[in-house]
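Thanks for coming, everyone. Please take a moment with the sequence and the 3D view.

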Amino acid sequence: MIKKAPIVKYTSRDFNTIKNDLVEYSKRYYPNTFSDFNKASFGSLMLDSVSYTGDVLSFYLDYQFNESFLNTASEFDNILKIANQLGYKYSSRSTAFGEITLYLSVPVNSTSTGPDLNYLPVLKKGTTFKSTGGQLFTLMQDVDFSETTNEIVVSNVDVDTGVPIRFAVKTKGTAQSGFYTQRQIDIGSYERFRKLDLNDSEILEIVSVTDSDGNQFYEVDHLSQDVIFREVPNFNFQSDGVSSILKPFPVPRRFIVSKARTTTTLQFGYGSEDELTTNSVVDPAQAILQMHAKDYFSDTAFDPTNLIKTDKFGVAPANTTLTITYRKANPGVSNVAAGTITRVTIPNFTFSDVANTTSAGRSQVVSSIEVINENPFVGEIKLDQAEELRTNTMGFYAAQNRAVSLLDYQSLIYAMPSNFGRVKRCFIAQDNNSFKRNINLYIISQDNNLLLTSANTTLKENLRTWLAQYKMINDTIDILDAIIVNISIDFQVIANPDYDKTEVLNASLVTLQLQYINKLDIGESFSIAKIYNLLNKLSGVLDVVSVKVDAKVGGFYSSSSINLDKLLTFDGKYIRAPKNVIYEVKFPSIDIKGVVS
């Protein structure tokens with residue numbers, strides 16, 4: 001006779017249901033062996049222990065399952081790992097960009113008609129500047145003081161003759177926050193897919209990686225990418241106005257970069273140096289197969305499988321020392337106000353004609369360098385929160401590296417690499433009045449106090465360049481500043497008689513202050529009804545009498561103002577926002593006031 005298998009319920013997941021099933025199972029299959037189900041019995045202890053174990057295992061099973069998906073993961077590090085798998089480039093720090101104005105004093109030429117051109121140097125890329133708050137900034141491109149577009153004025157004259165003796169040259173350059181630093185790492189024997197962890201959360205970008213033999217490794221988006229594009233000088237610059245030419249360049253030595261909250265990791269492929277003797281980058285144009293209406297091959301020895309061979313994702317370094325140069329972020333926030341970058345810390349000049357200059361004259365020119373930022377440096381924003389990171393990742397993955405819809409544009413804007421700067425908020429709208437149905441992109445950034453401010457020209461240019469590789473060929477985009485409208489909130493509530501009025505007022509102020517710290521979006525209506533709802537939920541508030549919202553203009557506030565009464569809905573619940581307007585409670589501790597009665 002075949003014995004029937006015991007009935008097991010697999011739907012029981014928590015302590016109580018598991019224990020009830022075990023009791024039922026014992027009564028059904030072991031009625032003569034175990035019958036004491038008293039809570040104080042040893043048998044009940046064993047059932048509790050098994051139920052407890054099952055409950056814990058069930059919890060961890062659910063937890064691990066939820067943390068495996070982007071929609072249900074709750075821990076920031078798990079969301080970050082999934083985001084990296086989906087191609088979203090995360091960085092815990094972003095870059096502040098801006099334009100600097102440089103001044104230099106040079107001697108007069110032999111005819112006293114202008115500056116001596118031999119003393120007009122080139123300020124090299126990598127020169128660092130310092131703000132009054134101690135933040136460091138790095139020059140992004142060479143600045144040539146001999147360009148004809150520079151402004152030149154007389155700075156010193158002979159007091160007796162009135163003849164000019166020195167000229168001041170004014171030019172501009174672009175700088176970014178952070179400073180360059182290096183680290184050397186000894187590499188041992190060959191290792192497949194070697195990973196190097198740089199335990200530094202302040203790394204903005206990897207500038208270069210070279211080994212002790214002088215070989216350079218190049219950063220790529222993925223290890224299967226074996227070609228990059230590099231700039232080479234254009235010797236026809238004077239005629240066509242293009243300073244550089246973009247050329248494809250094979251990179252057998254390459255790496256990818258992944259970032260977490262506290263570390264930056266470099267990963268290499270699993271190829272070896274010995275494989276560089278053969279050309280592993282196949283050009284299909286050199287291998288012509290037999291085609292229709294042709295009765296010949298261009299190479300009878302051609303093996304079609306060569307088209308799918310690989311270079312093993314690049315060469316991994318071995319038995320060498322790697323020198324890693326990277327740009328590191330400043331401690332704290334790098335956004336600075338206008339007029340605060342005032343010092344050149346490490347000037348790096350080159351003179352084109354040293355033979356026709358003197359050492360003393362060059363030293364005087366170098367020591368005369370002055371710098372100032374006429375506009376704020378912006379682009380660094382606060383660390384993404386878990387929910388914001390989740391939303392940005394889902395949007396970036398859905399965009400599939402192309403911008404078709406307006407939401408695709410928004411996702412790609414928030415996914416722009418941090419070393420190009422970032423925008424705090426953006427809003428995309430179709431301009432129906434334009435001839436080509438232009439796309440208007442409204443953006444806003446943050447200043448050094450993490451308050452809303454307009455993005456500078458450099459950040460806009462970086463954003464335009466970033467979007468150019470994804471947008472449709474017939475899309476035209478205008479990047480515009482969103483209008484900041486500062487507002488204040490005044491409320492009156494009735495306190496519960498059982499609560500202290502001072503405590504009720506403090507709780508109300510803290511609740512609203514936390515709610516309105518840069519959490520509004522461009523074009524988002526301001527909800528007065530939400531304030532009523534927040535205050536009514538407080539246990540010490542009996543009723544909300546009134547809520548009044550006013551605009552704040554001038555002084556430390558924005559100069560932009562709109563008529564809030566005209567934008568108020570008929571039921572008084574919302575203040576509508578034009579598509580290019582963002583509301584901001586700039587100083588929550590001052591602009592949010594209340595009365596408790």
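How many salt bridges does the structure hold? The structure holds 13. A salt bridge here is a side-chain nitrogen of Lys or Arg within 4 Å of a carboxyl oxygen of Asp or Glu.

Quick ground rules. This is a predicted model: local features need pLDDT of at least 70, side-chain atom pairs count only at pLDDT 80 or more, and totals for chains, interfaces and linings use all residues. Residues are numbered from 1 along each chain as its sequence is written, and side-chain values use heavy atoms, with hydrogens and water left out.

Let's start with E205 and R327. Their side chains meet in a salt bridge, at 2.8 Å from N to O. E205 sits in strand 10 (residues 203–210) and R327 in strand 16 (residues 320–328), so this pair ties together parts 122 residues apart in sequence. Strands are DSSP runs of E, at least two residues, and helices are runs of H or I, at least four; both are numbered from the N terminus.

Is R327 buried or exposed? R327 counts as buried, because its relative accessibility is 0%. The cut-offs: buried means under 20% relative accessible area, exposed means over 50%, and partly exposed is in between, with a 1.4 Å probe and protein chains only.

Next, E374. E374 forms a salt bridge with K170, and the closest N and O atoms are 3.8 Å apart. This pair links distant parts of the chain, 204 residues apart. E374 is in the loop between strand 19 (370–372) and helix 6 (386–399), while K170 is in strand 7 (residues 164–177). E374 is partly exposed, at 40% relative accessibility. K170 is partly exposed too, at 22%. There is also a network: salt bridges link K170, K172 and E374.

One more pair. D408 and R402 meet through their side chains in a salt bridge, 3.1 Å from N to O. D408 is buried, with a relative accessible area of 8%. R402 is partly exposed, at 30%.

Now the sheet. Strands of a sheet pair through backbone hydrogen bonds, either parallel or antiparallel. Two strands count as paired if DSSP finds at least two bridges between them.

Which order do the strands take in the open sheet of 3? The order is 5-2-18, with antiparallel pairing. Strand 5 (143–144) and strand 18 (349–350) are the edges, and each pairs on one side only. Strand 2 (residues 122–123) pairs with strand 18 over 2 bridges, in the antiparallel sense. Find L123 on your screen: F349 in strand 18 stands opposite.
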